[in-house]
Amino acid sequence: MMKKGIWIGLILTTLIVTSMGLFSFLKKSPTTTDPYKDTATNLIYNLLFCDNIELFKTNTQTPYTYPFDILFSETSTIADYQKIIDDKNSDSRLKVLAYNRQLSKGHKPVKKELLGVILEVGLDEGLDVLASFSDGTARYINQTGKTIIWETTDETSNKLTQDLFAKSQEIVKQIGPWDKARRPHPTKGTVRITFLVSDGLYFGEGPMDILFNDPLASPALTSGTELMQYLMKKGENSPNR
């Protein structure tokens with residue numbers, strides 16, 4: 001039997017996973033990466049991870065209003081950030097930013113909260129990305145760079161989101177946060193699933209055929225694929241297409 005935190009199917013010569021869910025042989029890398037030809041699409045992609053406050057700051061109009069005035073200020077306190085986290089009207093990405101600001105000041109959140117799930121699949125023509133957030137919103141970037149911004153939820157998307165988060169939560173319980181900068185985007189044939197959690201960024205990755213058959217990863221990846229397909233269908237039927 002394998003210990004919790006080790007993803008079955010990921011123990012390969014070139015892919016080693018520690019018991020905390022960390023890829024121990026990987027080196028520190030930048031928190032921005034550009035998988036697409038279009039600058040605007042790369043910006044959308046990098047903003048998904050909510051791990052670069054300066055990227056948000058340089059792309060937000062001034063004067064800064066709530067909650068950005070708190071997020072961007074170096075004098076904000078742990079309590080200030082907590083106001084954003086506790087605000088029922090705050091979207092999930094803003095909560096991730098607030099949690100990350102707390103972490104940067106050495107404060108570990110009491111509550112372990114899963115706020116975002118990002119599925120990346122390296123395909124022949126590029127990178128397919130689905131980012132699903134706990135408030136029901138989502139972003140889908142096709143390998144060609146075409147993007148769907150999902151802000152108006154419906155019954156089907158909410159159900160798919162809830163299913164994805166329930167299955168993702170099972171993974172988060174068994175792995176630990178990545179303690180280095182975010183890695184460059186996955187290449188062809190590689191799948192990565194990233195979890196934006198209140199105490200940091202979690203992730204696992206591996207060859208596509210192996211990860212989709214992994215007992216721990218497969219349920220979440222399958223749910224994510226279903227949500228991705230639904231958003232693609234809605235995008236195709238959009239009158240604004």
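1. The structure holds 6 aromatic pairs. In one of them, the rings of Y45 and F49 have centres 5.3 Å apart and planes at 75 degrees, so the pair is edge-to-face. Over 60 degrees counts as edge-to-face. Y45 and F49 are both buried. Ring pairs join Y36, Y45 and F49 in a cluster. This is a predicted model.

2. Two charges sit over rings. R93 lies over the face of F133, 5.8 Å from the ring centre. K180 lies over the face of W178, at 5.3 Å from the ring centre.

3. Helix α6 has 18 residues, 155-172. At 1.5 Å a residue it should span 26 Å, and its end C-alpha atoms are 25 Å apart, which agrees. At the start of α6, a side-chain oxygen of D154 comes to within 3.2 Å of the backbone nitrogen of T156.

4. Which residues of α6 are buried? They are S157, L160, T161, L164, F165, S168, I171 and V172. These cover an arc of only 135 degrees around the axis, so they lie on the same side of α6. An α-helix has 3.6 residues a turn, so residues three or four places apart point the same way. On the other side of α6, E155, K159 and Q162 are exposed.

5. The cover over the buried residues of α6 includes strands β1, β2, β4, β5 and β6, along with helix α8 (218-236).

6. T161 lies in α6. Its relative accessible area is 5%, so T161 is buried. Leaving aside neighbours within four places in sequence, T161 is in contact with S132, F133, G136 and L227. F133 is also the residue whose ring face lies under R93.

Terms used: Residues are numbered from 1 along each chain as its sequence is written. This is a predicted model: local features need pLDDT of at least 70, side-chain atom pairs count only at pLDDT 80 or more; totals for chains, interfaces and linings use all residues. Side-chain values use heavy atoms; hydrogens and water are left out. Helices (H or I, at least four residues) and strands (E, at least two) are DSSP runs, numbered from the N terminus. The expected span of a helix is 1.5 Å times one less than its number of residues. Buried means under 20% relative accessible area, exposed over 50%, partly exposed in between (1.4 Å probe, protein chains only). The arc is that of the directions from the helix axis to the C-beta atoms. Contact means heavy atoms within 4.5 Å. A polar contact is a pair of N or O atoms within 3.5 Å; within protein, one must be able to donate a hydrogen and the other to accept it, and residues adjacent in sequence count only if both atoms are side-chain atoms. Rings of Phe, Tyr and Trp (its six-membered ring) pair if their centres lie within 6.5 Å; planes under 30 degrees apart count as stacked, over 60 as edge-to-face and the rest as tilted. A charge sits over a ring if NZ of Lys or CZ of Arg is within 6 Å of the ring centre and within 35 degrees of the ring normal.
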